[in-house]
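Biologist: I have not looked at this structure before. Please show it to me, and then I will ask about it.

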Amino acid sequence: GSYNWDVALSFNRQSVDIEHGNIVSSRLDNEVANNGLDLFQPIPKDVVRRMSFVGTKNTESRNTLVDATLTGPLPVTLPGGDVQFAVHTDLNFEKYFDRVDRISARGDAFDGGSSGGGDRRYYALGAEFVLPVLEDLEIDLAGRYDYYDDDSDVGGAFSPQAKLLYRPVESAYIRASAG
């Protein structure tokens, strides 16, 4: 009929594995405190080998998004024409983790590192109505509610918006909006 709909589903996955040279901090401290290592001089290769390790980091994130919109006319006619509407929803599911090697995880790596992970769900629902009050005057009312379901304190919020379009002559118009 005279309605339009659009539905999208997307899935993204990113995985990263990193290996990098690192120094065990406690071994470096020991070399300086107990073996007289001077950090302002070239460090002997055998000392570097004793302090070094290959640090690793494994990170993965996944994101699944469902997005749907329906638009069209309502069975209401005003002097300026048919009332139009749009409804939209977003559903977003995210997961991630970040894992470092055991030395970095216990805080003994020279350049640090930490592990973490979690998930978040995001939901949104919005609606918009275009009211052609007169041939030259249109009012647009919209609202959207967004909700974040995760360990943060963000929670949800409603965002309203109102717009006015006035066209006193064909070649010029005046717009105002608040939201």
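**Questions on the structure**

Modeller: Take Arg106 to begin with: at 58% relative accessibility, Arg106 counts as exposed, since exposed means over 50% relative accessible area, buried under 20% and partly exposed in between (1.4 Å probe, protein chains only). This is a predicted model, where local features need pLDDT of at least 70, side-chain atom pairs count only at pLDDT 80 or more, and totals for chains, interfaces and linings use all residues. Residues are numbered from 1 along each chain as its sequence is written, and side-chain values use heavy atoms, with hydrogens and water left out.

Biologist: Which side chain meets Arg106 in a salt bridge?

Modeller: A salt bridge is a side-chain nitrogen of Lys or Arg within 4 Å of a carboxyl oxygen of Asp or Glu. For Arg106 the N to O distance is 3.9 Å. The partner is Asp108.

Biologist: Is Ser26 buried, partly exposed or exposed?

Modeller: Ser26 sits in helix α1, residues 25–35. Helices (H or I, at least four residues) and strands (E, at least two) are DSSP runs, numbered from the N terminus. With 36% relative accessibility, Ser26 is partly exposed.

Biologist: At what distance do the side chains of Ser26 and Asp108 make a polar contact?

Modeller: A polar contact is a pair of N or O atoms within 3.5 Å; within protein, one must be able to donate a hydrogen and the other to accept it, and residues adjacent in sequence count only if both atoms are side-chain atoms. The side chains of Ser26 and Asp108 are joined at 2.7 Å.

Biologist: Which strands stand at the edges of the sheet?

Modeller: The open sheet has 7 strands, in the order β1-β2-β3-β4-β5-β6-β7, with antiparallel pairing. Two strands pair if DSSP finds at least two bridges between them. Each edge strand has a single partner, so one side of each is left without a neighbour in the sheet. The edge strands are β1 (4–23) and β7 (172–178).

Biologist: How many residues apart are Lys163 and Asp140 in sequence?

Modeller: Their side chains meet in a salt bridge, 3.9 Å from N to O. Lys163 lies in strand β6 and Asp140 in strand β5, so the pair ties together parts of the chain. The separation in sequence is 23 residues.

Biologist: How many salt bridges does the structure hold?

Modeller: Another of them links Arg120 and Asp150, at 4.0 Å from N to O. The structure's total is 13.
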